[in-house]
Amino acid sequence: MDGKTALLETSKFYKENLRQNPDSAFARYIYEKRKYTKETVATFGLGSSANMIGVSVAEHLKKLGCPVETAKEYGIIYEANNTLVDCMQNRFTIEIRDVFGNLVGFSGRVLGDTKRFKYMNTKATPCFQKSKIVFNLDKAKYYINYFAEPFLIIVEGNCDVMSLWQNGIRNVVAIMGTSCSEHHAKLIKMFCRKVVLCLDSDKAGQDATLRSEKVLTEQGIDVCKMCLPKGKDADEFMQMKGGKELFENLVATAINIKKENLK
């Protein structure tokens with residue numbers, strides 16, 4: 001079994017984990033707290049890495065004939081104290097796909113407050129480097145309005161993307177908690193030459209906005225900056241009553257302000 005097949009089998013394992021345990025904390029978090037629909041769960045390949053079906057992902061892949069070294073190389077497992085450990089252990093998982101729709105890795109999010117990192121992405125592997133993947137570009141590229149004013153909305157995290165997508169705002173991508181790299185910008189430029197930057201309103205998010213704006217502008221992309229109310233991110237906005245309409249108005253305002261600045 002090669003690494004790409006191992007990733008696909010791992011994703012099936014995570015999704016089956018979620019499907020077979022509808023009353024688990026992970027299922028309640030996804031369906032009740034986040035309020036994701038079954039369609040959204042399927043679209044983004046959500047699953048659970050918690051070992052709830054009596055077998056670990058390492059054991060599952062071994063039964064399928066996947067070499068341990070391959071699973072390690074592709075960021076699925078690691079070894080600690082002579083034990084094979086799931087890299088996404090005890091997180092809800094999100095598929096990461098490249099611009100062509102190929103599965104290349106996972107993002108995982110812990111539940112509740114913890115000292116662990118809230119989000120974790122697959123480590124750098126032969127098919128995944130965070131600086132070269134624009135999350136959801138494989139799907140968002142089909143929702144750019146090429147007949148009007150083509151643009152993409154760039155948000156900070158995968159959950160922001162999923163909430164906007166579920167609310168019908170689908171020309172949206174994420175840079176997975178980092179500023180835009182030159183490779184990100186070149187990928188985006190293949191599909192449009194205007195973006196609305198909507199990163200988090202905290203200092204880290206605003207610093208990332210400035211860095212991203214510089215990189216995108218250097219690649220000839222027109223950047224419109226959009227500000228959300230302090231303390232809010234795009235995902236939280238979608239939970240508010242009237243959040244979708246307000247968000248769309250802020251996008252329109254950001255684009256119009258940019259136009260005014262060019263006069």
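## Largest pocket

The largest pocket has a volume of about 500 Å³. The model is predicted, so local features need pLDDT of at least 70 and side-chain atom pairs count only at pLDDT 80 or more, while totals for chains, interfaces and linings use all residues. Residues are numbered from 1 along each chain as its sequence is written, and side-chain values use heavy atoms, with hydrogens and water left out. A pocket here is an open set of points on a 1 Å grid over the protein atoms alone, where a 1.4 Å probe fits, with protein on both sides within 12 Å along at least five of seven lines. Lining residues have an atom within 4 Å of a point. Grid points are joined across faces, edges and corners, and the volume is the space filled by probe spheres set on the points.

The lining of the largest pocket counts 22 residues. Closest to the centre are Arg-34, Arg-109, Tyr-119, Cys-159 and Asp-233. Five elements each supply at least two lining residues: helix 2, strand 5 (103-109), strand 6 (119-121), helix 7 (158-166) and helix 10. Helices (H or I, at least four residues) and strands (E, at least two) are DSSP runs, numbered from the N terminus. By class, the lining divides into 11 charged, 6 polar and 5 nonpolar residues. Ala, Val, Leu, Ile, Met, Phe, Trp, Tyr, Cys and Pro count as nonpolar; Asp, Glu, Lys and Arg as charged; the others, Gly among them, as polar.

## Second largest pocket

The second largest pocket has a volume of about 190 Å³. Its lining holds 14 residues. Asp-98, Cys-127, Lys-132, Ile-133 and His-183 lie nearest its centre. This lining divides into 8 nonpolar, 3 polar and 3 charged residues.

## Aromatic pairs

A search of the whole structure gives 7 aromatic pairs. Rings of Phe, Tyr and Trp (its six-membered ring) pair if their centres lie within 6.5 Å; planes under 30 degrees apart count as stacked, over 60 as edge-to-face and the rest as tilted. Tyr-29 sits in helix 2 (residues 25-33) and Phe-92 in strand 4 (residues 92-97), so the pair ties together parts that are 63 residues apart in sequence. Tyr-29 is buried at 8% relative accessible area. Phe-92 is buried at 0%. Buried means under 20% relative accessible area, exposed over 50%, and partly exposed in between (1.4 Å probe, protein chains only).

The rings of Phe-237 and Phe-247 have centres 6.2 Å apart and planes at 65 degrees, so this pair is edge-to-face. Phe-237 belongs to helix 10 (residues 234-239) and Phe-247 to helix 11 (residues 243-262), 10 residues apart. Both Phe-237 and Phe-247 are buried. Phe-44, Phe-135, Tyr-143 and Trp-165 form one aromatic cluster.

An open sheet is built from 4 strands in the order 8-7-9-10, with parallel pairing. Strand 8 (172-174) and strand 10 (222-225) stand at the edges with a single partner strand each, so one side of each has no neighbour in the sheet. Neighbouring strands of this sheet are turned by 30 degrees against each other on average, direction ignored. Axes are lines fitted to C-alpha atoms, for helices over the stretch in contact, and angles run from 0 to 180 degrees between N-to-C directions.

Two strands pair if DSSP finds at least two bridges between them. Strand 9 (residues 194-198) and strand 10 pair in the parallel sense over 4 bridges. Val-196 has Cys-224 in strand 10 as its bridge partner.

## Loops and backbone

Two residues have a positive phi although neither is a glycine. Lys-35, at about 60 degrees, lies in the loop between helix 2 and helix 3 (38-43). Asn-90, at about 55 degrees, lies in the loop between strand 3 (83-86) and strand 4. Asn-90 is partly exposed, at 41% relative accessibility.

Arg-170 lies in the loop between helix 7 and strand 8. Arg-170 is partly exposed, with a relative accessible area of 22%.

## A residue in helix 9

Ala-208 is found in helix 9 (residues 203-218). Ala-208 is buried, with a relative accessible area of 7%. Ala-208 and Cys-180 are 28 residues apart in sequence and 8.1 Å apart in space, C-alpha to C-alpha.
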